[in-house]
Protein chains: 2
Amino acid sequence: MTKVTAQELAKKQKEISVAEFFERNKHILGFGNQTRALLTSVKEGVDNSLDSCEEAGILPDIYVEINNHEDGECKVIIEDNGPGIINQQIPHIFGRLLYGSRFHAIRQSRGQQGIGISAVILYGQLTTGKHAKIQSKIEEGRPVTVVELAIDTNKNRAEVISRKTDHWDKPSGTRVEVSVVADYKRGRRFVYDYLQSTSIVNPHAQITFKEHDGTVHVFERTSEVIPKKSIEIKPHPYGVELGTLIKMAKNTKSRKLSSFIKSEFSSMGDRTTIAACEKAGLDRDLNPRNMTREQFLALHKAFQEIKIMAPSMDCLSPIGETLIKRSLKHETKEISPEFIITASRPPSVYSGNPFQIEAGLVYGGTLPKDTPVQIMRFANRVPLLYQQGGCVTTSAISSIDWRRYGLDQPSGKGIPSGPAIFLVHVSSTQIPFTSESKEAIADVPEIENEVKLAFRECARKVQKHIYKKVRRQKTREKFDLITKILPEIAKKSAKMLEKPVPMLDEIITKIMDVVWIEDIIEYEKIKRTPLQTTLVGENLDGQQQTGIITKSKILVANYKRTPQQFNLYALIPEDAVVGTVEPKPIKITNNYIKWKLNTIPPAKKVDVSFELAGLDKGDFDENDLYVEQINPAYVIGADKWEGD
Amino acid sequence: MTKVTAQELAKKQKEISVAEFFERNKHILGFGNQTRALLTSVKEGVDNSLDSCEEAGILPDIYVEINNHEDGECKVIIEDNGPGIINQQIPHIFGRLLYGSRFHAIRQSRGQQGIGISAVILYGQLTTGKHAKIQSKIEEGRPVTVVELAIDTNKNRAEVISRKTDHWDKPSGTRVEVSVVADYKRGRRFVYDYLQSTSIVNPHAQITFKEHDGTVHVFERTSEVIPKKSIEIKPHPYGVELGTLIKMAKNTKSRKLSSFIKSEFSSMGDRTTIAACEKAGLDRDLNPRNMTREQFLALHKAFQEIKIMAPSMDCLSPIGETLIKRSLKHETKEISPEFIITASRPPSVYSGNPFQIEAGLVYGGTLPKDTPVQIMRFANRVPLLYQQGGCVTTSAISSIDWRRYGLDQPSGKGIPSGPAIFLVHVSSTQIPFTSESKEAIADVPEIENEVKLAFRECARKVQKHIYKKVRRQKTREKFDLITKILPEIAKKSAKMLEKPVPMLDEIITKIMDVVWIEDIIEYEKIKRTPLQTTLVGENLDGQQQTGIITKSKILVANYKRTPQQFNLYALIPEDAVVGTVEPKPIKITNNYIKWKLNTIPPAKKVDVSFELAGLDKGDFDENDLYVEQINPAYVIGADKWEGD
């Protein structure tokens, strides 16, 4: 074999344009096969439309149409009522990879990379040779601009083929038409599933899907409220990379270290800034541009060692437990599951990026018992339909031993089998996807851990639910026995002895020796009279007014021999609004209502009730009750309060 | 909520540099956590070294050292004896993402993207703020250039911090030193596994690994032969994308369609070119630059419809069944498996890219019975250690119903459990990795299908193996009975009757009524005398001379009542060299030896034997025998020959 020299090898070295790279590696962008290509094309368009509507403060109205031509070519149309795109930006946004508005901003959004929609156009051009057609109108009364464009992959720039203006009825909006080679027959189901799942976690969006054969599916808007807009934040000092810190210091306008820290990081006030500088042994007046690597290293270390407030949640827009529960209920109504449980973790941080995990678990009903549990994954309100095996959420679920929760799992590892659906939602300013196709989340240990914690919480709730059910069932048998049979015996004995029927309350109390708490929940439709609107609360601004009042009635019976006095807590969903509460509670927070129950004599009962508005029927269908200042072992129907 | 206009949104639109993109998305490059970061850093360096040594025709000698500093920082050193890199190229190759020599070439190599090693340097800089140190020497007698560099992520260009020359003992080579934040404690095992697996499928490489504590592991070179250099080829017309075809036509120097097709595609001669043009209804003299989209569409369609020779295998460098078997044997020697089976598929094409699948299966021994089978994945001779769940090879394996092959698999889907190891190697000019971290292969249907076919072939061989074993066992019992007990009875009866012992051969034949074939294999060490070198064959050029002769002796006994005459085939490994063969065969190919056995009278035996060189002891440990021109139902120990 002849040797080749470095000079000869050098001749082959070349720059690779990013468009050329992805043209060759289209599978990285989610175009690995023709089924997936159809879904990716729709997904990138719809995600973009949702993002831009929300950013502009417009309730999204999205139209998706797919026409399947001969030879496996599909024309995909995505139209929205968003703010539109100004003329100069159209070629950049649609004809250039790695160009966008959301990459440099730290806040939750669906798109992050500036790749998605241009990738669809690149794929369309690669497979069909056709140009994409973009039309965009930015203001009522203006004409619409219609641009036909191609991508010059050698340069990663758009080639504008034609540009004209026209009339469009919409006040504003964007319409993308792109022809792609795709498998319509197999792909349409994925598109349908994706749009349905999207509509579940984006109840504020109206989505219309017109299939090739003319069938129209409308995923109705069920909420008139645009999700709280996530606020752009500065990087958080926890987990910021040393290299990023150095780069930030090089580019800062601050002349002093202290002002650099305070102005360019979130959660840093005077006190924490002083603490960080002191811990690092650095003069606060240092010019950050002149600092050495060692000084940055010290500062970087100090950041990890001092106590800094968690990043603000404003940059995140989680779905919320109620909505998750509602979605799961909706998804599973034909299954009549035994129970639905949700858990929401507090926000956390990885590499300086805030993130939050929400989880849900549906169990029982007619769900198949011997197949792996179904996992529904969402990232920033976008359903993830592919690459489940490569996703950190899957590995987190797989690492929990589910056997003790009654699911089947050989050797206590892997996806468990059993009648359950798991839902997980990751919201973050920066979802660490394993690839540009945004189908799976990378195995970042912080995220894996939070997903585990969320599902462990679900699992614990499952156990508690089952334990409570069993305990209450047992006590109820005893209760039924003595409250029904004892009086019968008493009556009969009295009759036989021709004596008056004795009072049994005290005897029953002696036998039971517990405080019995039970509750029922009722739903009442209300008309929107002014009175009721007030009842529903003045906090309703921005809340969904469903016209349903959820009424919770709690019965507390003292079957102990001594009078009882204790505190009772009822958990309430964060997004509910509290109406009438009886008796007067001593505290109401976002999460619970607290009563101090006055002394209940033996064999006496107290009624407690509260009303919730802002929920749909069934959103709240079981009370979660806790007691304090009483031995919880004596109480049936409530657990020990563990504190806020 | 206030509405935001398109103009306001436009202000935020920005270009994203590719370095900046990956700095933010380091998990995409395989730096998602600190354990993985260590492996990725080593892997990218070693893959690069192997590629450049092979390209230059040098037997690779690679040195890897990791020093673990306080604060979780590791200094990773990778040194090779490759051709080195010329001075001007150093900053580009190490300090720029998407720059390289292998992206634009269609041939098998480990690196394809021009991202890997620069990504390591980017990650090092991001996490430690330190510069990378590169030293490179391109020729004996020249000094070595030592460059310290950083990456300006806003521009995706290297910043050369310092450059000097020095003396280096090596004739030529490259050394990279980069500090990264990584988890040494957990990561070192992965590095060790990766280097070991790499050495298994790259027996021509010598790899030395020095751990932090000074322990040195040497993975010895076991072959002095550099793998056949894969040849750069032109794109194959099958599966070339329409967009790529149009782009090629726009850039071609050919003025005529026919010369464009012949000169820029592989496997296209005069005849196929004419056929393609005719099928497409296109004039061969058309100027390709002036063709319309419809004309390209017609040509593209015609390419798929005419018969074109498969792409040349020269661009691929598969491992080979013998080496796979040897590797598996080596890997599993402590397990003493029941059998090892391999399968190699013919090359195929996806999207114009040739690829080939090789598979192996180890069964039994002390392998655990109730855990999922172990899957060893390789792509272009690089072990894939992460993202197994997201890899097409895994989904292909999971889609086969393994229950009928004796493995445990609930509902016939998913990774089976049982005492087995699966190995799969994908070689391609373009491995469709799911992301730039090159850990999993995308679900390209053509690849999935070939992997399935390879494992089905393995599975069929397993079944055949078991069936053969059972059938031979049964027949042997019968055989033992009549060949041992009948003569005893005859002897005793003769003695009792005082008559001579009768000849039993004919009776035995009547009872057996089969042709019995059995074989043994022996290994003989040889000294390299001139005679034996000749025996070993003149084809040995470029082959490993192990000094082992594998001797296969086949006994063919006719226990049928009539004389038998038939053809016998013995399969041989492709990379073996055939020595003495007795009796003289009528055909020897790369894959088999064929004998025409002259009439064997009833109760007579024939000895057949052949010798193989170029194999290690145990590479060939079981004959695969076939018969022709005889009813295979009468034959024990060989199957029906199904043709070449």
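In chain A of this predicted model, A:Val147 has A:Arg163 of β7(A) standing opposite. That pair belongs to an antiparallel pairing of strand β6 (residues 144-152) with strand β7 (residues 157-166), both of chain A, which runs over nine bridges. Four residues lie between β6(A) and β7(A), and the two strands form a hairpin. In the turn, A:Asn156 has a positive phi of about 55°.

**Chain A as a whole**

- Chain A contains 15 helices and 26 strands.
- Taken along the principal axes, the C-alpha atoms of chain A fill a box of roughly 115 × 70 × 65 Å.
- Chain A has 644 residues, of which 48% count as buried.
- Among the contacts in chain A with a separation of 6 or more, 73% join residues 24 or more positions apart.

**Domains of chain A**

- The division of chain A gives domain 1 (18-219), domain 2 (242-310), domain 3 (333-463) and domain 4 (509-640).
- The centres of domain 1 and domain 3 of chain A, taken over C-alpha atoms, are separated by 29 Å.
- Domain 1 of chain A contributes 22 residues to the contact between these two domains, and domain 3 of chain A contributes 15 residues.
- On the side of domain 1 of chain A that touches domain 3 of chain A, the elements giving two or more residues are α3 (34-56) and α6 (184-201) of chain A.
- The largest share of that side of domain 1 comes from α6(A), with six residues.
- Sorted by class, the side of domain 1 of chain A that touches domain 3 of chain A holds eight nonpolar, nine polar and five charged residues.

**Helix α5 of chain A**

- Helix α5 of chain A covers residues 116-128, which makes 13 residues.
- From its first C-alpha to its last, α5(A) reaches 18 Å, close to the 18 Å expected at 1.5 Å a residue.
- Helix α5(A) is mostly covered, with 13 of its 13 residues buried.

**A five-strand sheet in chain A**

- An open sheet of five strands in chain A has the order β21-β22-β19-β24-β26, with mixed pairing.
- The edges are held by β21 (587-588) and β26 (639-640) of chain A; each has a single partner strand, so one side of each is left without a neighbour in the sheet.
- Within chain A, strand β19 (residues 564-571) and strand β22 (residues 592-600) pair in the antiparallel sense over seven bridges.
- Opposite A:Gln564 stands A:Ile600 in β22(A).
- A:Ile588 is found in strand β21 of chain A.
- How many other C-beta atoms lie within 10 Å of A:Ile588? There are 13, and A:Ile588 is therefore partly exposed.
- Not counting residues up to four places away in sequence, A:Ile588 touches A:Val578 and A:Ile593.
- A:Ile588 and A:Tyr569 are 19 residues apart in sequence, and their C-alpha atoms are 9.7 Å apart in space.

**The two chains together**

- The same surface serves both copies, since 100% of the contact residues of chain A recur in chain B.
- The contact between the chains takes 74 residues from chain A and 75 residues from chain B.
- By class, the side of chain A that touches chain B comprises 32 nonpolar, 32 polar and 10 charged residues.
- Strand β4 (residues 99-100) of chain A pairs in the antiparallel sense with strand β1 (residues 14-15) of chain B, over two bridges.
- A:Tyr99 has B:Glu15 in β1(B) as its bridge partner.

**B:Ile308 in chain B**

- B:Ile308 lies in the loop that runs between α10 (293-305) and α11 (321-331) of chain B.
- With 20 other C-beta atoms within 10 Å, B:Ile308 is buried.
- Leaving aside neighbours within four places in sequence, the contacts of B:Ile308 are B:Pro237, B:Tyr238, B:Ser267, B:Met268 and B:Thr272.
- B:Ile308 and B:Leu38 are 270 residues apart along the chain, and 45 Å separate their C-alpha atoms.

Key
Residues numbered from 1 in each chain as written. Chains lettered and ligands numbered in written order. Predicted model: local features only at pLDDT ≥ 70, side-chain atom pairs only at ≥ 80, totals over all residues. Buried ≥ 20, exposed ≤ 12 C-beta atoms within 10 Å, placed from the backbone. Contact = placed C-beta atoms within 7 Å. Domains from an automatic or database assignment. Nonpolar A, V, L, I, M, F, W, Y, C, P; charged D, E, K, R; others polar. Expected span 1.5 Å × (residues − 1). Pairing = 2+ DSSP bridges.
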